[in-house]
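Please examine the structure shown below before reading on. The paragraphs that follow lead through it one region at a time.

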Amino acid sequence: MMLDDVLVAIREAILKTVPISARITRIEFEGPEIAIYSANPTVLLEDDSIIKKIAKVIKKRIIVRSDPKIRLPKDKAEEVVKSLIPSEISLGGIAFDEEFGEIIIEVDKPGILISKFGDVLKQIMAMTKWRPKVARKPPKRSITIEWINKLMLDESAMRKKMLRTIGSRIHRPTILKTGEVRITCLGGFREVGRSAILVETSESSVLLDCGVKTGVSYSINEFPRLDASEFDIERLDAVVISHAHLDHCGFLPFLFKYGYEGPVYCTKPTRDLMALLQIDYLEVAAKEGSLTPYSMRDVREALLHTIPLDYGEVTDIAPDIRLTFHNSGHILGSAMVHLHIGEGAHNLVYTSDFKFGKTRLLEPATYIFPRVETLIIESTYGAPSDILPQRIEAEHQLIEIISQTISRNGKVLIPVLSVGRAQEIMLVLNEAFSMKYLPEIPVYIEGMVQEATAIHMAYPENLSRILRDKMLHEGENPFNNELFKLVPPRAEREEIIEGDPCIIIATSGMLTGGPALEYFKLMAPDARNTVIFVAYQIAGTLGRRVVSGVKQIPIVNRYGKSEIIQVNLRVHSIQGFSGHSDRRQLLGFMKRITPKPEKVIVCHGEEAKSVNLAETFRQLFKVNTYVPRNLETVRLK
Ligand code: ZN
Ligand code: ZN
């Protein structure tokens, strides 16, 4: 069967089922979905059994769009929307995507509009013939989200064309059905950083994550081993990104620089956070005058090729591979990746970074899957000694250290990754202030953390149940505490350091650069001050050296001269805030995971930790375990 035959067969199946009155004008691929353009879409929308019937026959998701000729003029359509949206919902902007025939309606309560007023949306479609797409009006402006939304609208025609191409590739007829599956480890094995796993069948090839290793200089150890003979960019069907941390997505734009034109699958929050972090990666590198593997153009290109998916949404990404994301509890939008390969021949779950425990910010990771034969699991805290304190203890410890610092008139620096721990710490501080565990002192927050927090506010449905209820139903927003002071760009950090006691939350989390490093240089000599690390410190970073007790650090000062700074401030490292599962949680996850996998492959950990965890799994759970090295290939089936 040729490709055209596939589409012809799909068209025939559709036309056979759809009543003539629906007046179908076009049927085409739209990424993993099939778009049906109709000159009378009401017929299809009023009786959804027709679409369900077709979807069952052709086994694809279907999206009904209106033929451009029948759409109401934009100004008229806008009037209809304004007159129909109920008064309890506050309407933001209205935008039109002509290519896809969509009217994008921004409201403050999208959930209520969709669940309670579903009929209103149907009415909008019936009256205007534009397909309503409801978007959340972010409670706080995010430059990143605004930029991405504009980019998607501006490049809508290009995206449509691209989705057609991607669709025909996904739905190409299969030639070889051997049922074989193998993975090649391109990065992030027996190490933390540059995660990249190539999954291949006889038909297709998919890349899971494409990260960089931060804290090491520009070298072969910084990036995934795309030079491996198994990797062929021409053959790559899809890239799947588990979450926005740079060790999982920092190298993605490079693929586009080298000619990749296929899709990138991730959740919507991951897409937004990924853009923020990649742009920052470029800016930091530019500031340091170091080489960057790609440019802004490639970041933009990667974004344009992104197909966002929700948790639980099953999607064809290659002729013989189906993808589903599950919550992994690690950061906003983070996902475990489930691949259903070859009509059920094999099922693979890649946990990526996950937290098998509740945090203030997120719900714990999923552990129930439809099927799992192979599990690829992280091992950041895989050693027997990696038992992290309980969350509650960690919070007490944080508050205690801050109190002591304030009482000796010092200041607290908390270096964080802008995404995840920063927001978790903000939630703890917000609670501590409101319960009067801490006196009210300012918490200074710099640009990146502000922007990442604004993105968190845009996706309340992805946050923990308690937080979501607070934000959506109780009108409370813990991120808006007035003690959180946003530091304007290019503010004099010396002024903050010379002022009264305060807390500073700044990036980067391992003192490899960013405002945290600048504050550290200013604060280090004063013994009244404290630095509190709340995240894992990778070997080779300044953070790791400070934690291990180094007292003198050579730095380049603001005048470009090198000098030695004395580290007199107190150094604390609180482990319990990690977004990773500790040893106990890793074992707990293995005990609970349903169904039981046959093979377990351990990644994302220092060598000794990965090896130890694999051995423990083998003994306790009687599974075959592997701890492959980068560049190794493991046959799964
Ligand atoms: Zn991560
Ligand atoms: Zn990671």
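This is a predicted model: local features need pLDDT of at least 70, side-chain atom pairs count only at pLDDT 80 or more; totals for chains, interfaces and linings use all residues.

How are α13 and α14 oriented to each other? Two packed helices are described by the angle between their axes and the distance between the axes. Helix α13 covers residues 391-407 and helix α14 covers residues 421-434; their axes come within 11 Å and cross at roughly 70°. Because angles of 65 to 115 degrees count as roughly perpendicular, α13 and α14 are roughly perpendicular to each other. On the side of α13, the residues making the contact are Arg391, Glu395, Leu398, Ile399 and Ile402. On the side of α14, they are Arg421, Glu424, Ile425, Val428, Leu429 and Ala432. Sorted by class, the contact of α13 with α14 contains 7 nonpolar and 4 charged residues, and no polar ones.

Lys436 is not a glycine, yet its phi is positive, at about 65°. Lys436 has a relative accessible area of 64% and is therefore exposed, since exposed means over 50%. Asp209 also has a positive phi, near 65°, in a residue other than glycine. Asp209 is placed in the loop between β9 (205-208) and β10 (238-240). Its relative accessibility is 0%, so Asp209 counts as buried.

The next topic is the metal sites. Which residues are the protein donors of the zinc ion (ligand 1)? They are His243 (NE2), His245 (ND1), His330 (NE2) and Asp353 (OD), at 2.2 to 2.3 Å from the ion. Along the chain, these donors follow the spacing H-x1-H-x84-H-x22-D. The angles among the 4 donor atoms run from 92 to 165°, and the site is irregular. Both His243 and His245 are buried.

The zinc ion (ligand 2) is coordinated at 2.1 to 2.2 Å by Asp247 (OD), His248 (NE2), Asp353 (OD) and His604 (NE2). Its 4 donor atoms subtend angles of 90 to 158°, which makes this arrangement irregular. The spacing of its donor residues in sequence is D-H-x104-D-x250-H. The zinc ion (ligand 2) and the zinc ion (ligand 1) are 3.5 Å apart, and Asp353 coordinates both. Asp247 belongs to helix α9 (residues 246-249), while Asp353 is in the loop between β16 (346-350) and β17 (374-378), so the pair ties together parts that are 106 residues apart in sequence. Asp247 is buried, because its relative accessible area is 15%, and buried means under 20%. Asp353, at 2% relative accessibility, likewise counts as buried.

Leaving aside residues up to four places away in sequence, Glu102 touches Arg65, Ala95, Phe96, Asp97, Trp130, Arg131 and Lys133. Glu102 and Arg65 are 37 residues apart along the chain, and their C-alpha atoms are separated by 8.3 Å. With a relative accessibility of 8%, Glu102 counts as buried.

Finally, the backbone contains cis peptide bonds. One runs from Thr507 to Ser508, with omega near 0°; Ser508 lies in the loop between β21 (503-506) and α18 (514-523). Another runs from Thr594 to Pro595, with omega near -10°. Pro595 is located in the loop between α20 (583-592) and β26 (599-603).

Conventions
Residues are numbered from 1 along each chain as its sequence is written. Chains are lettered from A and ligands numbered from 1 in the order in which they are written. Side-chain values use heavy atoms; hydrogens and water are left out. Donors are N, O and S atoms within 2.8 Å of the metal (3.2 Å for Na, K and Ca); water is not among the atoms, so sites may look incomplete. Four donors count as tetrahedral if all angles lie between 85 and 135 degrees; four count as square planar and six as octahedral if opposite donors are over 155 degrees apart and all others between 65 and 115; anything else is irregular. Buried means under 20% relative accessible area, exposed over 50%, partly exposed in between (1.4 Å probe, protein chains only). Helices (H or I, at least four residues) and strands (E, at least two) are DSSP runs, numbered from the N terminus. Axes are lines fitted to C-alpha atoms, for helices over the stretch in contact, and angles run from 0 to 180 degrees between N-to-C directions. Angles under 35 degrees count as roughly parallel, over 145 as roughly antiparallel, 65 to 115 as roughly perpendicular and the rest as oblique. Contact means heavy atoms within 4.5 Å. Ala, Val, Leu, Ile, Met, Phe, Trp, Tyr, Cys and Pro count as nonpolar, Asp, Glu, Lys and Arg as charged, and the others, Gly among them, as polar.
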